[in-house]
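Please consult the sequence and the model while reading.

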Amino acid sequence: MPSYKLTYFNIRWYGEGARLLFNYAGVPFEDIRISNEQWFQLKPKMPYGQVPVLEVDGHMIAQSAAIYRYLGHQFNLAPKSPIDDANVDAVYDSHKDFHAEIKPFIACAAGFAPGDKKKLEKEVVCPARDKYFGYLKRLLSKTDGTHLIGDQVYWADIVIADNLSVINFMVPSLFESHSEVKKFVDYIHQLPKLQKYLKERPESQF
């Protein structure tokens with residue numbers, strides 16, 4: 001079995017998806033959670049000056065989406081059908097588009113940028129959410145409502161569900177009028193293979 005080492009901050013955000021995939025697959029890995037002080041020393045050594053970074057037998061893989069996709073294929077959490085595989089990629093790329101649209105709110109809520117949080121929630125988050133959740137509900141209507149593509153849970157389901165729960169910390173009304181999406185998120189967080197990790201992981205709003 002390869003040796004895996006994941007480096008990210010002690011928060012969920014872009015690193016938690018990989019942690020969840022490791023735990024769901026039952027594959028051991030070194031979970032390196034760095035401080036801001038450590039980051040200044042590590043940054044020049046990272047391929048694109050960012051984290052998360054996954055090391056596989058000493059080989060670095062950067063960028064969160066690339067890491068998720070790699071682990072999904074390694075752990076049989078990606079479809080065998082090339083069409084379904086591409087559609088799983090598309091689902092996650094759509095999630096990244098949603099992230100980009102709400103970035104001004106996220107920066108404000110996390111304390112990285114000034115702004116009126118309530119105004120940004122109303123004018124930025126809500127329209128982007130309604131559009132994006134419309135896409136998700138269309139996909140969920142074609143399955144049993146517990147996953148987005150095909151006939152089982154794939155890597156993007158796990159990553160998206162947990163990331164939406166992080167955004168829900170910042171926007172308590174995120175799932176209002178979107179019960180189908182909340183059902184999906186709740187189902188993923190109730191998967192038996194994730195329970196031990198979810199109960200033991202460090203508390204973090206982000």
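Contact here means heavy atoms within 4.5 Å. The model is a predicted one, in which local features need pLDDT of at least 70 and side-chain atom pairs count only at pLDDT 80 or more, whereas totals for chains, interfaces and linings use all residues. Residues are numbered from 1 along each chain as its sequence is written, and side-chain values use heavy atoms, with hydrogens and water left out.

Apart from residues up to four places away in sequence, H189 touches R12, A161, D162, S165, Q195, L198 and R201. This residue is found in helix α8; helices (H or I, at least four residues) and strands (E, at least two) are DSSP runs, numbered from the N terminus. H189 counts as buried because its relative accessibility is 19%, buried being under 20% relative accessible area, exposed over 50% and partly exposed in between (1.4 Å probe, protein chains only). Between the C-alpha atoms of H189 and W155, which are 34 residues apart in sequence, the distance is 13 Å.

Helix α8 spans residues 179-189, and its buried residues are V181, F184, V185, I188 and H189. Viewed down the axis of α8, these residues fall within an arc of 130 degrees, so they line one face of the helix; the arc is that of the directions from the helix axis to the C-beta atoms. An α-helix has 3.6 residues a turn, so residues three or four places apart point the same way. The buried residues of α8 pack against α6 (117-140), α7 (155-170) and α9 (195-200).

Within helix α6 lies L136, which counts as buried because its relative accessibility is 1%. Leaving aside neighbours within four places in sequence, L136 is in contact with L148, L164 and V181. V181 is also one of the buried residues of α8. In the loop between α7 and α8 is S173, which counts as buried because its relative accessibility is 16%. Not counting residues up to four places away in sequence, S173 touches E121 and R129.

How do α6 and α4 lie relative to each other, and at what angle do their axes cross? The axes of α4 (residues 82-101) and α6 come within 9 Å and cross at roughly 170 degrees. Axes are lines fitted to C-alpha atoms, for helices over the stretch in contact, and angles run from 0 to 180 degrees between N-to-C directions. The crossing angle makes α4 roughly antiparallel to α6, a term for angles over 145 degrees, while those under 35 count as roughly parallel, 65 to 115 as roughly perpendicular and the rest as oblique. On the α4 side the contact is made by V91, S94, H95, F98 and E101, and on the α6 side by V124, A128, R129, K131, Y132, Y135 and L139.

Helix α1 (residues 16-25) has eight of its ten residues buried, so it is largely enclosed by the rest of the structure. Those buried residues are E16, G17, A18, R19, L20, L21, F22 and Y24. Their covering includes β1 (4-9), β2 (30-34), β3 (53-56), α3 (64-74), α7 and α9. After α1 comes G26, whose phi is positive, near 70 degrees. The C-alpha atoms of L21 and L136, 115 residues apart along the chain, are separated by 21 Å.
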